[in-house]
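I opened this entry to keep track of what I looked up, one topic at a time. The notes follow the order in which I went through the model.

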Amino acid sequence: MSPPKSALLPERLPARVRLTRMALTLAGIVSLLLGLLGAVLPGLPTTPFILLAAACFAQASPRLHRWLVQHRWLGPMVRDWEAHRSMPLRIKWLASGMMALMVGVSAWQLAERPIVQAVVLVAGVIGCVVVWRIPTRR
């Protein structure tokens, strides 16, 4: 027998569950903000942060998850990921090319600071490895 609807209301949930939901909601909001910043800042990825926000919202807040899935610009990315759990080969090449371009420009601009330049290059390589480890869809 399932619990009555009133037992699932947030104020009726155990404190641990409420705390977990709040932490996941906060993590989702931070991820969403980082993803939006990534749309305008070179070197900060957009897609992984938006997908992380969607995963957090799916666990913590159906209302925020629904908002993100139905969003005009972000929704298609989230819906595509949730439907297929993979990336088209064309998108992998596009993402890798854009990362290489932006990391290359950033590294060139940081020629006077070799340690920071190395960090940017390593981060770019890690980003490409992450993209290419995601299953490919044709």
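I began with P45, which counts as partly exposed at 38% relative accessibility; for these labels, buried means under 20% relative accessible area, exposed over 50%, and partly exposed in between, with a 1.4 Å probe and protein chains only. The model is a predicted one, in which local features need pLDDT of at least 70 and side-chain atom pairs count only at pLDDT 80 or more, while totals for chains, interfaces and linings use all residues. Residues are numbered from 1 along each chain as its sequence is written, and side-chain values use heavy atoms, with hydrogens and water left out.

**Loop residue P45.** I placed P45 in the loop between helix 1 (15-38) and helix 2, where helices are DSSP runs of H or I with at least four residues, numbered from the N terminus. Setting aside residues up to four places away in sequence, I found P45 touching L34, G35 and G38, a contact being heavy atoms within 4.5 Å. The C-alpha atoms of P45 and G35 are 6.6 Å apart, although ten residues separate the two along the chain.

**Nonpolar core.** Which residues make up the largest nonpolar core? I listed eleven: L32, I50, L51, A53, A54, F57, L64, L68, V69, L74 and V78. The term covers buried Ala, Val, Leu, Ile, Met, Phe, Trp, Tyr and Cys residues joined through side-chain atoms within 4.5 Å. Helix 2 (47-60) and helix 3 (62-69) are the elements that give two or more residues to this core, and helix 2 supplies the largest share, five residues. As background, I noted that nonpolar side chains tend to be buried together in soluble globular proteins.

**Helix 3.** I then went along helix 3 and found L64, H65, L68 and V69 buried. Viewed down the helix axis, these buried residues fall within an arc of 135°, so they line one face of helix 3; the arc is taken over the directions from the helix axis to the C-beta atoms. On the face turned away from the buried side I noted the exposed residues P62 and R63. The cover over the buried residues of helix 3 includes helix 1, helix 2 and helix 4 (75-84).

**H65.** What does the side chain of H65 make a polar contact with? I found the side chain of E82, at 2.6 Å; a polar contact is a pair of N or O atoms within 3.5 Å, where within protein one must be able to donate a hydrogen and the other to accept it, and residues adjacent in sequence count only if both atoms are side-chain atoms. H65 is buried at 16% relative accessibility, and beyond its neighbours within four places in sequence it is in contact with A54, F57, A58 and E82.

**Cysteines.** My search of the whole structure for disulfides, defined as cysteine sulfur atoms within 2.5 Å of each other, returned zero. C56 is buried with a relative accessible area of 8%, whereas C128 is partly exposed at 23%.

**Aromatic pair.** I found one aromatic pair in the structure. The ring centres of W93 and W132 are 5.0 Å apart and the planes lie at 70°, so the pair is edge-to-face; Phe, Tyr and Trp rings (for Trp, the six-membered ring) pair if their centres lie within 6.5 Å, with planes under 30 degrees apart counted as stacked, over 60 as edge-to-face and the rest as tilted. W93 belongs to helix 5 and W132 to helix 6 (residues 114-133), so the pair ties together parts that are 39 residues apart in sequence. W93 is exposed at 56%, while W132 is partly exposed at 35%.
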